[in-house]
Every structure is written in structure tokens, then in C-alpha cells.
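The following exercises are to be worked through with the sequence and the structure at hand. Each task is followed by a solution in steps.

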Amino acid sequence: DPLDGTREFVKRNGEFTVNIALIDGHRPVIGVVQTPVSGELAVAWDGGGTWLARGGAKAQRVETRPRGSPLVVAGSRSHSSEHENDLLARLGHCARLPLGSSLKFVRIAAAEADLYLRLGPTSEWDTAAGQCVLEQAGGAVLDFAGQPLRYNTRESLLNPDFFAVGDR
């Protein structure tokens with residue numbers, strides 16, 4: 001996805017990314033999420049972990065954290081809904097972290113958030129790189145049947161509703 005977070009790009013808030021993923025066996029095995037404005041770069045590969053570089057510093061390996069208290073929910077800055085708010089209300093008190101693009105996956109991978117709930121359309125190119133980054137850091141991206149998102153298995157490239165978690 002050469003520009004993930006088009007609305008964030010138009011708003012000029014810096015929360016858009018460039019996403020690159022390699023799919024093998026219907027799952028992402030390489031993922032790169034780069035934030036052009038901040039220069040942040042997250043890279044992951046199957047069995048290699050997730051590496052995050054910020055501010056020109058050397059990349060450091062990152063891992064998800066056990067569920068925090070309060071729960072930190074990374075949510076879409078531009079795509080929230082009443083249904084999403086209703087579901088999150090069932091979790092009790094949680095801190096909200098509004099973000100654009102694939103940054104939500106990266107924040108969970110870097111142990112800065114716990115959950116991202118996505119209801120509504122996304123395409124496979126929106127999620128593949130972020131899913132690899134999160135999975136290799138110890139997290140998961142699951143549909144509402146509890147199965148990992150899989151790629152190139154349907155006639156449409158649209159994903160089902162899903163949630164991303166750091167603590168499986």
C-alpha cells in the first residue's frame with residue numbers, strides 16, 4: 001500500500017504510512033511499515049521478530065506486552081463507529097489512542113497499546129504489513145471467529161471485521 005491513511009495524508013497530520021508485505025501460504029511473512037513524516041520504520045519477517053527504528057536511532061527489537069491496566073485501545077482517527085464504541089464499552093474503562101493508518105499495529109507491537117478493533121471495510125493491502133509486524137512481535141490479528149486474517153483466499157480483497165491484540 002503506497003499510501004495507507006489517505007485521510008491522514010490529506011489532513012497533513014503525519015499519520016500515514018507506506019506498507020510493504022510479502023504473502024506466502026496465505027499469510028504475511030515479511031512486513032514493512034514506514035512513516036514518511038517521522039521517519040519511523042517497523043520491519044518484521046517470519047521467525048526474525050519485529051524491529052523498530054525511530055528518530056534516526058538504530059533499530060531495536062520490540063515485543064508486545066501483557067495486557068495493560070487500563071487497557072490501551074488504539075483506534076482509527078478517521079473510521080470509528082457507534083458499534084465500535086458499544087463493543088469497547090463492554091471492556092470497561094480503557095484509555096484511547098487515536099491513530100491513523102497501520103500505526104495502530106505498530107503501537108501494539110511496540111508495547112504502547114493493547115487492542116485495535118476494526119469494524120468496517122479494509123483491504124488486504126491495508127493490513128498485511130501491519131499484521132506481520134504485530135505477529136512477529138508476539139501479537140495477533142484475528143477475525144471474529146478467532147482465526148488469523150488470511151490473504152488471497154477470497155474473490156474479494158476486502159477483509160472481514162477483525163481485532164488486533166498484543167497479548168494473545
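**Exercise 1.** Determine whether Glu112 is buried, partly exposed or exposed, and identify its salt-bridge partner.

*Solution.* The model is a predicted one. Step 1: the relative accessible area of Glu112 is 30%. Step 2: a residue is buried under 20% and exposed over 50%, and partly exposed in between, so Glu112 is partly exposed. Step 3: the side chain of Glu112 meets that of Arg107 in a salt bridge, with 3.5 Å from N to O. Step 4: Arg107 has a relative accessibility of 14% and therefore counts as buried.

**Exercise 2.** Trace the network of salt bridges to which Glu112 belongs.

*Solution.* Step 1: Arg107 also forms a salt bridge with Glu40, the closest N and O atoms being 3.2 Å apart. Step 2: Arg107 lies in helix α3 and Glu40 in the loop between β2 and β3, so this pair ties together parts that are 67 residues apart in sequence. Step 3: Glu40, with a relative accessible area of 6%, is buried. Step 4: Glu40 meets Arg54 in a further salt bridge, at 2.6 Å from N to O. Step 5: because Arg54 lies in the loop between β4 (49-53) and β5 (60-62), while Glu40 lies in the loop between β2 and β3, the pair links parts that are 14 residues apart in sequence. Step 6: Arg54, at 34% relative accessibility, is partly exposed.

**Exercise 3.** Describe the largest nonpolar core and the contacts of Leu134.

*Solution.* Step 1: this core has 27 residues, and those that touch the most other members are Phe105, Val133, Leu134, Val141 and Ala164. Step 2: two or more residues each come from β3, β6 (71-76), α3 (103-109), α4 (124-136) and β10 (162-165). Step 3: beyond four places in sequence, the contacts of Leu134 include Phe105, Ile108, Val141 and Ala164. Step 4: in soluble globular proteins, nonpolar side chains tend to be buried together.

Conventions:
Residues numbered from 1 in each chain as written. Predicted model: local features only at pLDDT ≥ 70, side-chain atom pairs only at ≥ 80, totals over all residues. Heavy atoms only, no water. Core = buried A, V, L, I, M, F, W, Y, C linked by side-chain atoms within 4.5 Å. Buried < 20%, exposed > 50% of the residue type's maximum accessible area, 1.4 Å probe, protein only. Helix = DSSP H or I, 4+ residues; strand = E, 2+ residues; numbered from the N terminus. Contact = heavy atoms within 4.5 Å. Salt bridge = Lys/Arg side-chain N within 4 Å of Asp/Glu carboxyl O.
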